Each structure stands twice: as structure tokens, then as C-alpha cells.
Amino acid sequence: MNYNDEILENKAFNIFKQVLFDIVLAICIMLAIALILVYGFRFRPYEVLSDSMYPVFKTGDMVIVKAQDDYEVGDIIKYNLGSVAVTHRLIAVKEHNGVKYYITHGDNVQSPNTENGSTTVDWELDAAFFEDKEYTDIVVNGTKQYPNIDVLEISDIEGRVVTSIANYGTYINFIADHKLLVIAMIIAIWCVCATVQNEIEMRKTRRIWIA
């Protein structure tokens, strides 16, 4: 290998390392921004676990949820039924004995209006179906009178879906569940890339002195 070949090889090596450094740096910055948004501004990411809200979003998508003081008909909200995470449409809000109750239903689930048979309908039609009904028409002695709905109180609701991103649910869910590990990974990647970058600069300096 002659001198010119060595220069070209070092140049290609340096370009590759610089591109790798820039890519990893961009990833670290994006992860840091995601963590700031999640834990600094009451936003929470969740993985969609079913197609009950298709085509709004589907299994494996990511939804970003923000906690609010109250919710309105038409909002898509995230809540838990026992250990099961659910993200459904709010189709009615009813008051009973001074307590607000929130009635939800999945857009892609059979309508609770049995007159519609086994079909799914636009959520506005289900909202209109419940509009004139009292809470005691919907829940009688603690029993729901209509299929495929959930009846919640404000304390059951984690937040409103503000946006969704296709196919990113698994990755963001991992970040949310392992935030300390993610922070440690960011620091480690940053240190490795800084070391590599420093080695590149040292090689350049050595080459200059040798020349």
C-alpha cells in the first residue's frame, strides 16, 4: 500500500466514523426529547394492543396521551380495565348523584345500539343514540344495559389521545417502561462516540506531525 492509498483509506475511515457519530448523536437527541416530553409535560406514550379503533389506529401503533381535568364527547381516551389497557372513543357523558360518568366505545366494535344489528357505525350515531338517555337508563343496579361499552369515572381515565404514530408502539413502550436503562444507554453511546471522535482527531494530528 503506497502513501496515497493510506491517505484515501484514512479519509474513508474518518468519513464513516463521522457519519456513524452523527447518526448516533441524532438518535440520542431524539430519545432525550422524547423523555422530556413524556416526563416533563404530562404526555405518555402507549402501545395500541388491538384493532378496536381501526382505522384511526391499529395494533402496534403508538398513541400519545395527555392527562386532562375533563373530557368531551368525541375524545379518544386511554384507561385501564383491571390489568387491560383500553383506548376507546368517548360517546357520552352523564351525571348521576353529582358524579360524572363517561361512556366509551370502540369505533371498530359492534354498535351498542342493538337496532343496528351486528354492524359497526360512525361514532356520531352511537353518541346520538345515548344523547337523550339518562345514566339510570344505561346502568341499572350496577349493570350495563348495552353491549360493548365501558362506564368510567374521571379517576379511571389516564388521558386523551392527542396523536398517534404508526408502528412505533413497541419501541416507545419499551422506552417508557425502561427509562433508567434508556438514559444509561444514551450516556454510554455518547461516551463511546465521543471516544471514537477523539481518536479520529488524534489520528489526524499524528498524520500531520508525521507528514
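1. Asn141 counts as exposed, because its relative accessibility is 79% and the cut-off for exposed is over 50%. This is a predicted model, so every value here is computed from it. Asn141 sits in the loop between strand E6 (139–140) and strand E7 (143–144). Its phi is positive, about 50°, although Asn141 is not a glycine.

2. Asn148 also deserves a look. Its phi is near 65°, a positive value in a residue other than glycine. Asn148 lies in the loop between E7 and strand E8 (150–152). Is Asn148 buried, exposed or partly exposed? Asn148 is partly exposed, with a relative accessible area of 35%.

3. Next, a peptide bond. Tyr54 and Pro55 are joined by a cis peptide bond, with omega about 10°. Pro55 is placed in the loop between strand E1 (43–47) and strand E2 (62–66).

4. Some background for these points. Most residues other than glycine have a negative phi, and most peptide bonds are trans.

5. Now to a strand. His88 is found in strand E4, residues 84–96. His88 has a relative accessible area of 12%, and it counts as buried because the cut-off is under 20%.

6. Which side chain does His88 join in a polar contact of 3.4 Å? The partner is the side chain of Tyr79.

7. What else is in contact with His88, leaving aside its neighbours within four places in sequence? The list includes Ser52, Met53, Asp75, Ile76 and Ile77. Thr104, His105, Gly106 and Asp150 are also in contact with His88.

Technical notes
Residues numbered from 1 in each chain as written. Predicted model: local features only at pLDDT ≥ 70, side-chain atom pairs only at ≥ 80, totals over all residues. Heavy atoms only, no water. Helix = DSSP H or I, 4+ residues; strand = E, 2+ residues; numbered from the N terminus. Buried < 20%, exposed > 50% of the residue type's maximum accessible area, 1.4 Å probe, protein only. Polar contact = N/O pair within 3.5 Å; in protein donor to acceptor, adjacent residues only side chain to side chain. Contact = heavy atoms within 4.5 Å.
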